[in-house]
Amino acid sequence: MAAFKAPDFNQRAAAARDAKQRALELLRNKPAQDPAVVAERQAARAAREAAEAERRAAKAAAIEAEKAAKAEAKAAAEAAKEAAKPKPVTLPTAAELKAARDARYAARKARAR
């Protein structure tokens with residue numbers, strides 16, 4: 001039995017050239033596609049793309065609605081927190097105290113008459 005002899009560069013190049021030539025011949029001999037089948041595939045692809053675009057739009061709308069709901073809930077929580085805060089106590093000024101005292105005095109005098 002003869003030992004295996006590795007092919008040299010020229011043999012490998014010729015084998016690659018032959019394989020390429022066979023592939024080109026197979027491609028050339030391939031029959032043309034039926035225009036009806038091509039149109040049907042394109043219509044199916046367009047329908048899939050439209051459905052995918054609709055799903056993406058619905059998902060984006062749902063995300064936006066969720067963000068709006070979260071923002072509204074956050075605003076309501078902040079408003080409730082602000083409402084729950086105790087109001088700062090404002091002390092009456094000296095003029096207001098004097099006016100209140102004068103009003104009480106006048107009311108007492110009016111009742112006495």
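1. Buried denotes a relative accessible area under 20%, exposed one over 50%, and partly exposed the range in between (1.4 Å probe, protein chains only). By this scale E82 is partly exposed, with a relative accessible area of 46%. E82 forms a salt bridge with K85, the closest N and O atoms being 3.3 Å apart; a salt bridge here requires a side-chain nitrogen of Lys or Arg within 4 Å of a carboxyl oxygen of Asp or Glu. K85 is likewise partly exposed, at 44%.

2. The model is predicted, and local features need pLDDT of at least 70, side-chain atom pairs count only at pLDDT 80 or more, and totals for chains, interfaces and linings use all residues. Residues are numbered from 1 along each chain as its sequence is written, and side-chain values use heavy atoms, with hydrogens and water left out.

3. The protein has 3 helices and 0 strands, where helices (H or I, at least four residues) and strands (E, at least two) are DSSP runs numbered from the N terminus. Along the sequence the pattern reads α-α-α. The radius of gyration is 45 Å, well over the 13 Å that the globule rule gives for 113 residues, so the protein is more spread out than a compact globule. That radius is taken over C-alpha atoms, and the rule is 2.2 Å times the number of residues to the power 0.38.

4. Along the principal axes, the C-alpha trace spans about 140 × 50 × 25 Å. A separation along the chain gives a further view of these dimensions: the C-alpha atoms of A57 and A106, 49 residues apart in sequence, are separated by 73 Å. A57 belongs to helix α2 and is partly exposed at 46% relative accessibility.

5. How many of the 113 residues, as a percentage, count as buried? The value is 0%. The accessible surface of the protein comes to about 10,800 Å², of which 61% belongs to carbon and sulfur atoms; the areas come from the Shrake-Rupley method with a 1.4 Å probe, and for residues only the protein chains shown count as cover.

6. The structure holds 5 salt bridges. Side chains of opposite charge can pair when their charged atoms come close. In helix α2 (residues 35-84), R56 and E52 are 4 residues apart and are thus separated by about one helical turn. Their side chains meet in a salt bridge at 3.7 Å, N to O, and E52 is partly exposed at 31% relative accessibility. E52, R55 and R56 are linked in a network of salt bridges.

7. D102 forms a salt bridge with K98, the closest N and O atoms being 3.0 Å apart. D102 is partly exposed at 36%, and K98 is partly exposed at 43%.

8. The protein has 26 positive and 15 negative side chains, and the centres of the two sets lie 11 Å apart. Lys and Arg count as positive and Asp and Glu as negative, while His and the chain ends are not counted; each charge is placed at NZ of Lys, CZ of Arg, CG of Asp or CD of Glu.

9. Which residues gather in a patch of positive charge on the surface? They are R101, R104, R108, K109, R111 and R113. Patches are made of residues with over 30% relative accessible area and no salt bridge, like charges being joined within 9 Å and nonpolar side chains (Val, Leu, Ile, Met, Phe, Trp, Tyr) within 5 Å. R101 lies in helix α3 (residues 94-112) and is partly exposed, with a relative accessible area of 46%.
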